[in-house]
Amino acid sequence: MIFDRPIDCDVHPVVPGLPALMPYLDDMWRELVLRRGVDELVSISYPTHAPITTRADWRGADGRTATTPELLAAQALDPFGTGTAILNCLYGVQLPFSEDMGAVFARAVNDWIAKEWLDRDPRLRASIVLPVQSAELAVAEIERLAHDKRFVSVLLLVMGEIPLGRRQHWPIYAAAERHGLSVSIHAGSSYRNPPSPVGWTSYYTEEYTNQAGAFQTQLTSLVCEGVFAKFPKLKVVMLESGFTWLPGYLWRLEKFWKGIRMEVPWVDRLPGEIVREHVRFSLQPFDGPPDPSAIGRLMEHMQSDELLVYSTDYPHWQFDGQDVMPEGFSAELIRKITIDNPLKAFPRLGLAQGGEAPTNKELAS
Ligand code: ZN
């Protein structure tokens with residue numbers, strides 16, 4: 001398969017409701033859900049009816065959208081000429097405190113994605129939703145699905161119980177690296193901690209704004225705890241993180257690293273070099289300057305044209321119409337962002353390259 005059309009690295013299929021997942025639960029959990037009166041595991045980071053959750057012209061009568069691959073194709077693939085899209089399902093599997101319940105719902109979501117989406121549109125790939133309540137169960141879920149090459153990454157939320165660099169998470173990174181799966185870190189929280197470093201906030205406006213700070217904290221954690229030294233082939237993709245904060249952030253990280261790097265000897269080169277080798281950032285929401293003439297200067301500050309990967313973030317409301325690509329990007333940069341960079345960020349996408357494209361069935365076995 002030759003990749004000559006955009007690869008959208010962040011689109012969100014929507015679980016239409018818990019009944020859709022019931023066929024993917026075993027008998028015991030189906031009964032528990034009914035007896036406990038569990039009605040939904042909604043991702044409370046994105047309330048169904050909040051304007052930012054779904055762009056107005058994509059919103060269905062029930063407030064949702066993207067509940068079927070046909071709808072997603074009509075709204076997010078065909079209009080943007082997308083050749084491949086990576087599904088990141090933001091259902092609330094990270095919310096239950098029960099490790100078993102998290103694992104059961106992660107499994108149900110992943111099986112639902114495979115059967116109801118990947119089987120029905122060959123343009124679709126997906127991230128494996130992980131039950132991050134337990135690294136052991138998360139690894140088990142990776143091992144269960146790793147044979148299916150249509151899964152190209154594993155999905156973590158940027159705000160969990162502990163920083164993502166901590167060793168409790170390392171078995172997840174080992175499994176991801178072993179299977180060539182990238183690690184996608186998406187905006188959102190399992191609400192074990194306040195969504196700000198100084199306490200609980202009152203409004204979504206505050207929470208959304210604070211996400212960029214959480215991404216910075218996690219990037220620092222991944223670098224300083226030595227994740228990339230331990231897993232040299234690991235690819236991390238930050239989704240909905242923004243990226244224009246990167247130059248200033250790296251200046252700060254490198255300044256302090258230079259002063260006290262004796263405490264992190266495994267960070268044996270400039271942190272910026274490590275980040276540019278291992279970490280990528282999705283395009284939308286674009287937090288760059290509105291002046292197209294400033295884009296060139298921004299990319300100079302980024303010191304690389306390989307850091308950005310294309311995303312529409314469908315159906316979240318980040319832009320209107322077809323204006324997904326900010327003005328001021330050169331044709332060469334657009335080619336890199338839409339195709340070359342995603343192929344490097346998600347090595348499993350390339351499994352379909354060269355010779356005949358494998359069928360969905362071949363990729364799934
Ligand atoms: Zn997103």
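I began with Pro 6, which sits in the segment before strand S1 (7-11). For elements I rely on DSSP runs, numbered from the N terminus: helices are H or I runs of at least four residues, and strands are E runs of at least two. The model is predicted, so I note that local features need pLDDT of at least 70, that side-chain atom pairs count only at pLDDT 80 or more, and that totals for chains, interfaces and linings use all residues. Residues are numbered from 1 along each chain as its sequence is written, and side-chain values use heavy atoms, with hydrogens and water left out.

**Entry on Pro 6.** The C-alpha atoms of Pro 6 and Gly 83 are separated by 5.5 Å, although the two residues are 77 residues apart along the chain. I then listed the contacts of Pro 6 (heavy atoms within 4.5 Å), leaving aside neighbours within four places in sequence. They are Phe 80, Gly 81, Thr 82, Gly 83, Thr 84, Tyr 310, Thr 338 and Ile 339.

**Entry on positive phi.** I found Ala 66 in the loop between H2 and helix H3 (69-77). Its phi is near 55°, a positive value in a residue other than glycine. Ala 66 counts as buried because its relative accessibility is 0%; buried means under 20% relative accessible area, exposed over 50%, and partly exposed in between, with a 1.4 Å probe and protein chains only. Asp 313, in the loop between S8 and H12, has a phi near 60°, again positive in a residue other than glycine. Asp 313 is also at 0% relative accessibility and therefore counts as buried.

**Entry on cis bonds.** The loop that holds Pro 315 runs between strand S8 (308-309) and helix H12 (331-345). I noted that Tyr 314 and Pro 315 are joined by a cis peptide bond, with omega about 0°. The bond from Gln 284 to Pro 285 is cis as well, with omega near 0°. I placed Pro 285 in the loop between S7 and helix H11 (295-302).

**Entry on H2 and H4.** Helix H2 (residues 27-36) packs with helix H4 (residues 99-118) at an angle of about 115°, and their axes are 12 Å apart. Axes are lines fitted to C-alpha atoms, for helices over the stretch in contact, and angles run from 0 to 180 degrees between N-to-C directions. H2 and H4 are therefore roughly perpendicular; the term covers 65 to 115 degrees, with under 35 roughly parallel, over 145 roughly antiparallel and the rest oblique. From H2, I recorded Trp 29, Val 33 and Arg 36, which meet Asp 100, Met 101, Val 104 and Phe 105 of H4.

**Entry on H7 and H9.** The axes of H7 and H9 come within 12 Å and cross at roughly 45°. That angle makes H7 oblique to H9. I list Gln 216, Leu 219, Thr 220 and Cys 224 on the H7 side of the contact, and Leu 246, Tyr 249 and Leu 253 on the H9 side.

**Entry on H10.** Which residues of helix H10 (residues 271-278) are buried? I found Pro 271, Gly 272, Ile 274, Val 275 and His 278. Seen down the axis of H10, these buried residues fall within an arc of 160°, so they line one face of the helix; the arc is taken from the directions from the helix axis to the C-beta atoms. The buried residues of H10 pack against helix H7 (204-224), helix H8 (227-230), strand S6 (236-239), helix H9 (246-260) and strand S7 (279-282).
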